[in-house]
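Please read it alongside the sequence and coordinates shown here.

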Amino acid sequence: MRGQSSTGTGTQAEGATERAAEVAGRGFAAVFRAVKAVRPFRPIHPRGISLVGELTLTGATGRTAAGLPGRSGISWLDDAGTRQVRGRFSRSVGLPESLPDILGLALRLGAGVGDSDDVADVLFASTGWGVPARFMLLPKLDAGTAKFTTLMPYKGANGPVLLGLRTLSLPARATGRADTDGNFKESLATGDWTLALSYATPAGRWVQAGLLHLRAAPDGGRTDGGDRAGGDTAIRFDPLKHPLPGAGTYAWARRLRERSYRAARRPAPRVSGDPHPAGLKAADRSSAARRQGSADERNTMSTVTQVFNSPASAVWTVIADGWLYSGWVVGASRIRSVDARWPEVGALLHHSVGAWPLLLNDSTRVTAAEPGQRLEMIARGWPIGEAKVILTIEDLGEQCRVTMAEDAVRGPGLAVPKALRDPIITVRNRETLQRLELMAAGGAGA
């Protein structure tokens with residue numbers, strides 16, 4: 001009778017845990033849906049660095065030989081060998097990169113990069129390392145000193161198992177600062193980020209199980225024709241859909257996660273002309289179709305036009321020098337780096353916006369270009385959001401007509417009614433064109 005009573009009490013406790021997880025899961029999903037309204041493609045971890053690498057596991061036999069505990073209870077972790085890895089490093093909230101954020105490291109293990117059955121996904125986030133800190137999300141500014149755990153345990157043959165990562169070494173050029181658009185990303189293209197993979201019971205000590213070597217993906221991990229090392233990836237990581245071999249998921253953990261995952265994966269609305277994979281690829285559109293699309297868009301965007309007393313070639317010379325960008329674009333305070341291919345399609349210009357000490361580091365990407373005539377860009381300024389900008393230059397001989405059209409396409413800026421944001425954009429862009437004309441007249445960039 002006592003055994004039956006104990007079993008009944010255990011079942012009731014499990015049921016109560018699952019119900020609590022269900023309620024919390026619904027709450028998280030509601031938050032995800034709200035954030036997705038202003039950040040439609042990735043409500044959390046909006047920007048990332050695509051990674052590739054190898055994970056070498058010592059296996060249970062190797063751990064025993066080294067005097068460490070042997071079997072973890074997860075077959076994948078207990079088998080020695082080397083696995084190929086695709087990954088993504090990101091900042092969870094998407095705060096300015098000068099501020100600490102919850103750091104994320106998502107790994108896809110296996111040869112494939114799609115949703116095949118032979119891959120497994122593991123999600124790590126910056127937490128503490130001891131107890132109870134290993135179950136607490138901690139914002140970090142330095143990737144080198146951050147500790148990462150799976151936060152929620154896997155269900156192993158011997159009970160719950162938590163996975164963790166800690167940095168052993170960074171590429172020589174890395175400062176450790178966890179930016180997704182600056183030194184850290186660039187350093188990953190020159191060397192390996194080496195981390196130790198460990199496992200532990202919820203309250204137990206960590207046992208090292210292998211070494212993980214990561215570097216920037218040579219193709220940026222993109223599926224839309226991008227070719228910049230370390231660019232973001234279109235892969236969506238899902239540990240519920242792609243579990244680790246030999247590892248189960250506790251029912252409460254599934255209930256806590258699955259609604260949020262569904263909300264995050266829900267298809268985002270297509271923004272006309274947007275370079276994101278959810279939109280059309282630039283390679284699939286003809287030049288004539290792009291011109292027509294641009295004309296249609298300008299009819300719905302805040303648009304200003306000015307006749308310059310300089311030839312079109314002089315204006316394009318200024319635009320084509322990315323280092324001059326902060327000289328004529330109102331709001332851009334400094335330029336941090338410029339792709340050598342600027343202003344070709346796909347090229348990035350890394351800038352800061354705002355005034356010291358309140359500077360936000362972000363970037364502008366070229367989405368379409370016709371040298372001397374037209375330039376389309378996505379200008380980013382998170383957490384404010386992103387804007388699409390279209391610059392056209394009409395040759396008038398010794399003069400030219402320059403038109404600048406702009407509007408918000410993603411982020412909190414979209415929440416501002418168009419009737420209010422258009423006048424603000426118009427005033428700012430009139431000043432932008434005046435600055436551009438003065439620089440062209442002065443021979444800047446020549």
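A residue is taken as buried when its relative accessible area is under 20%, and as exposed when that value is over 50%. On that basis, 50% of the 446 residues of the protein chain count as buried. The model is predicted, and its chain has nine helices and 16 strands.

**Overall surface and contacts**

- The protein chain exposes about 19800 Å², and carbon and sulfur atoms supply 58% of this area.
- Among contacts in the protein chain with a separation of 6 or more, 60% come from residues 24 or more positions apart.
- A nonpolar patch on the surface is formed by Val-93, Leu-95 and Leu-99, which together have about 220 Å² of accessible area.
- Val-93 has a relative accessibility of 41% and counts as partly exposed.

**Nonpolar cores**

- In soluble globular proteins, nonpolar side chains tend to be buried together.
- The largest nonpolar core has 38 residues, and Trp-76, Phe-89, Leu-105, Leu-163 and Trp-193 are those with the most contacts inside it.
- At least two residues of this core come from each of several elements, including strand S1 (48–57), helix H3 (75–78), strand S4 (120–127), strand S7 (159–169) and strand S8 (193–200).
- Strand S9 gives the most to this core, with five residues.
- A second, separate core has 32 residues, among them Leu-324, Trp-328, Met-377 and Ala-379.
- Leu-105 illustrates the packing partners of a residue in the largest core: beyond four places in sequence, Leu-105 touches residues including Leu-51, Phe-89, Val-122, Phe-148, Leu-165, Trp-193 and Leu-214. Arg-88 is also one of the residues that Leu-105 touches.

- Asp-78 forms a salt bridge with Arg-63, with 2.6 Å between the closest N and O atoms. Asp-78 lies in helix H3 and Arg-63 in helix H2 (residues 59–65), so this pair ties together parts that are 15 residues apart in sequence.
- Both partners fall under the cut-off for burial: Asp-78 is buried with a relative accessible area of 7%, and Arg-63 is buried with a value of 1%.
- Lys-388 and Glu-376 form another salt bridge, in which the closest N and O atoms are 3.4 Å apart. Because Lys-388 lies in strand S15 and Glu-376 in strand S14 (residues 374–380), the pair ties together parts that are 12 residues apart in sequence.
- Lys-388 is buried, with a relative accessible area of 2%, and Glu-376 counts as buried at 5% relative accessibility.

- Glu-386 is found in strand S15 (residues 386–396) and is buried, with a relative accessible area of 6%.
- The side chains of Glu-386 and Arg-410 meet in a salt bridge, at 2.6 Å from N to O. This pair links distant parts of the chain, with Arg-410 in strand S16 (residues 399–410) and Glu-386 in strand S15, 24 residues apart.
- Arg-410 is itself buried, with a relative accessible area of 6%.
- Salt bridges that share partners join Arg-47, Asp-362, Arg-380, Glu-386 and Arg-410 into one network.
- Apart from neighbours within four places in sequence, Glu-386 is in contact with Ile-378, Ala-379, Arg-380, Ala-408, Val-409 and Arg-410.

**Backbone features in loops**

- Val-131 and Pro-132 are joined by a cis peptide bond, for which omega is about 5 degrees. Pro-132 sits in the loop between strand S4 and strand S5 (147–149).
- Another cis peptide bond joins Trp-342 and Pro-343, where omega is about 5 degrees. The loop that holds Pro-343 runs between strand S11 (332–338) and strand S12 (348–355).
- Leu-151, a residue other than glycine, has a positive phi near 70 degrees. Leu-151 is placed in the loop between strand S5 and strand S6 (154–156), and with a relative accessibility of 23% it counts as partly exposed.

Note on methods. Residues are numbered from 1 along each chain as its sequence is written. This is a predicted model: local features need pLDDT of at least 70, side-chain atom pairs count only at pLDDT 80 or more; totals for chains, interfaces and linings use all residues. Side-chain values use heavy atoms; hydrogens and water are left out. Helices (H or I, at least four residues) and strands (E, at least two) are DSSP runs, numbered from the N terminus. Buried means under 20% relative accessible area, exposed over 50%, partly exposed in between (1.4 Å probe, protein chains only). Contact means heavy atoms within 4.5 Å. Patches are made of residues with over 30% relative accessible area and no salt bridge: like charges are joined within 9 Å, nonpolar side chains (Val, Leu, Ile, Met, Phe, Trp, Tyr) within 5 Å. Accessible areas come from the Shrake-Rupley method with a 1.4 Å probe; for residues, only the protein chains shown count as cover. A salt bridge is a side-chain nitrogen of Lys or Arg within 4 Å of a carboxyl oxygen of Asp or Glu. A nonpolar core is a set of buried Ala, Val, Leu, Ile, Met, Phe, Trp, Tyr and Cys residues joined through side-chain atoms within 4.5 Å.
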